Amino acid sequence: ERYMMACVTSDVPYDRRGEPSLEVFPPDHVVTVSHPCYSDLERQSGGCLVQHRKGNPKRRRPVRRVLDAAEIARRGIMTEAFCSVCLSDNGQLTGCEARHVICPSCLRAALRSVVGDVMVVGNLICGCFSQLTRKALLALAERADVSLQDTLQNPPARDSTESLDLRAEVGETMRQFSLPTEDLPANLYVDKMRQWFTKVHVADRAHLYHPCRHPDCADLMENWKLISEFEEELAANGGNVWTCPAGHENCVLPSASEVRDMNRNLLTHPEYYTMRADYSIYENCPLRRYRLCPGCLSSGILMMAVHGGECKQWPGYGRGHHHTFCFACARLWGNQTGNCNHYQECRDPGIQQVRLTDTALVMGFVDGELYQDWLNGRVGAPPPTCFDDGSYETGPDRQRVLGMEDRAALLAESRQGIE
């Protein structure tokens, strides 16, 4: 090897005068920690180095070892600066580029704050860390575990201020982490920080998945279902149920707010848009403009269809959608028992509504004629919603939940649709 490295400290400068050398080592070649090449951080962390030629120390140049935040944090380098939080005189470098310092007690308090909130992922500890500085945060957690165990094994004098602070910290730690005894685990902060990173990762990617609803799989993303995969399977096979690798059955349904919005839209225009469907062999076949597809509803999907004319069969000629139903009576189309077709004189059951349960969407109807009577002030209360499973919801309760209690405003909006 042609070159060698030497470490420079405040006690040991690079001074090779009098040592064997191909060239005489002059006094002005001595390198100390005050050399402008070195920063305060290198001086405190032992990163002041000199590279020199082997056998000829006169040929040298100052170099420095650049430490990453994790290594600085792990070392817990003491400084002459006070703790940035409590102003105690035992501040240690956090490892950030701003050279912030923090005492062991304040570091543990900061870490408890971090791991207690997965929604805050930036400006952590001293304001310089984030979810992207994983190594540094884990190094700080290791340092916190070491300082905590050292303090517990060598506690301060009884009844001193430090002793009272320690007891308060242990009590707070037990409450936050639901620990049964004061025997705190040796790797407490490292474990909690790793769990925090896992939860943050889950929160960042949760919008791509349908999570398993079972408590055992709450944090196991590998047991969740990618939304894209679920939609592909739904398009191929239908249904709204999937099973996680642990065997838990899950049902994918719209949110309560989506159901409310749909119900509100359906009630906004309670009138018929035509009193007789085209090509109908029966005179009494009025149609509403909007209907929910009953086939999609049974699969847990809210799909609003719009009637654009012609017969009561939707979609026309049975093409363009994987379900076909009657726009007059909202039953599936076909010759099977319970279905509707062109040769049946069906009846309008009313304005559709939907109720959300834990496992399904339930269709119901509101009497359209009575609802319009209520809008026009001819009756005192709106009619109830009667659902297919035999349950019902009173009219006043429904209107209150949907925020549709102002009859004058509702009537004006309804008439706009007619016009």
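Modeller: Let us begin with Ser-178, which is exposed, with a relative accessible area of 63%.

Colleague: Why is Ser-178 called exposed?

Modeller: Buried means under 20% relative accessible area, exposed over 50%, and partly exposed in between, with a 1.4 Å probe and protein chains only. Ser-178 has 63%, and therefore it counts as exposed. The model is a predicted one, in which local features need pLDDT of at least 70 and side-chain atom pairs count only at pLDDT 80 or more, while totals for chains, interfaces and linings use all residues. Residues are numbered from 1 along each chain as its sequence is written, and side-chain values use heavy atoms, with hydrogens and water left out.

Colleague: What is the phi of Ser-178, and where is Ser-178 found?

Modeller: Its phi is positive, about 55°, although Ser-178 is not a glycine. Ser-178 is found in the loop between α5 and α6; helices (H or I, at least four residues) and strands (E, at least two) are DSSP runs, numbered from the N terminus. Leu-87, in the loop between α2 (69-75) and β4 (92-93), has a positive phi near 65° and is likewise a residue other than glycine. Leu-87 counts as exposed because its relative accessibility is 59%.

Colleague: How many aromatic pairs does a search of the whole structure find, and what makes the pair of Phe-177 and Tyr-189 edge-to-face?

Modeller: The search finds seven aromatic pairs. Rings of Phe, Tyr and Trp (its six-membered ring) pair if their centres lie within 6.5 Å; planes under 30 degrees apart count as stacked, over 60 as edge-to-face and the rest as tilted. The ring centres of Phe-177 and Tyr-189 are 6.4 Å apart and their planes stand at 85°, so this pair is edge-to-face. It links distant parts of the chain, with Phe-177 in helix α5 (residues 161-177) and Tyr-189 in helix α6 (residues 188-205), twelve residues apart. Phe-177 and Tyr-189 are both buried.

Colleague: How is the pair of Trp-314 and Phe-325 classified?

Modeller: Trp-314 and Phe-325 form a tilted pair, at 5.4 Å centre to centre with 45° between the planes. This pair also links distant parts of the chain, since Trp-314 is in strand β12 (residues 313-314) and Phe-325 in strand β13 (residues 325-326), eleven residues apart. Trp-314, Phe-325 and Phe-327 form one aromatic cluster.

Colleague: How do you know whether Trp-314 and Phe-325 are buried or exposed?

Modeller: Trp-314 has a relative accessible area of 16% and is therefore buried. Phe-325 counts as buried because its relative accessibility is 0%. The peptide bond from Trp-314 to Pro-315 is cis, with omega near -10°.

Colleague: Why are α4 and α6 described by the direction they are given?

Modeller: The axes of helix α4 (residues 134-153) and α6 come within 7 Å and cross at roughly 155°. That angle makes α4 roughly antiparallel to α6, because angles under 35 degrees count as roughly parallel, over 145 as roughly antiparallel, 65 to 115 as roughly perpendicular and the rest as oblique. Axes are lines fitted to C-alpha atoms, for helices over the stretch in contact, and angles run from 0 to 180 degrees between N-to-C directions.
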